[in-house]
Amino acid sequence: MNQLILTGRLVRSINLRTSDSGTVYARFDLAEKNHRAKDGVEYHEFTVFGAEAARMAEYTRKGQWLSIQGRVSNRKVTLEGGASIHVPQLIATHVEYGPRPKRSTQATEEE
């Protein structure tokens, strides 16, 4: 079974992208508390596709708590010189949204 569940905070707001084939997707980073990490935080980059990506772009913002369900996939990358490697990629398949951070008065005035 290839399944992962992580909870943490969204590092920055999400921007939707469209691939050459027309697939809508977004990449985002999740910050997870980890007491073994050097600064107490571990970062995980996820990719999300389709309708879930559109929902995330609309309903999330930086600092929001998220619970991500997903899977690990391998992506083939060709390096300079022609060598190929496989890079693990975290794919989000389901997202649960937690409390959104409160906006400060100053942040509201700047937007």
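In this predicted model, strand 4 (residues 41-49) runs parallel to strand 6 (residues 84-97), and 3 bridges join the two. One spot to look for along this pairing is Val48, which stands opposite Ala92 in strand 6.

Strand 6 also pairs with strand 5 (residues 65-78), this time in the antiparallel sense and over 13 bridges. Here Leu66 has Tyr97 of strand 6 as its bridge partner. Strand 5 and strand 6 make up a hairpin, with 5 residues sitting between them. In the turn, Gly81 takes a positive phi of about 95°.

Then there is helix 1 (residues 50-59), whose buried residues are Glu52, Ala53 and Met56. These three lie on the same side of helix 1 because the arc they cover around the axis is only 100°. What do they pack against? The buried residues of helix 1 pack against strand 4, strand 5 and strand 6, and also against strand 3 (24-33). Turn to the face of helix 1 that points away from the buried side, and the exposed residues Ala51 and Glu58 come into view.

As for confidence, the pLDDT averages 89 over the chain, and 93% of the residues score at least 70. Residues 107-111 are another matter, with a pLDDT below 50. Beyond near neighbours in sequence, that stretch has 2 contacts in the model.

Key: Residues are numbered from 1 along each chain as its sequence is written. This is a predicted model: local features need pLDDT of at least 70, side-chain atom pairs count only at pLDDT 80 or more; totals for chains, interfaces and linings use all residues. Side-chain values use heavy atoms; hydrogens and water are left out. pLDDT is the predictor's confidence in each residue, from 0 to 100. Contact means heavy atoms within 4.5 Å. Two strands pair if DSSP finds at least two bridges between them. Helices (H or I, at least four residues) and strands (E, at least two) are DSSP runs, numbered from the N terminus. Buried means under 20% relative accessible area, exposed over 50%, partly exposed in between (1.4 Å probe, protein chains only). The arc is that of the directions from the helix axis to the C-beta atoms.
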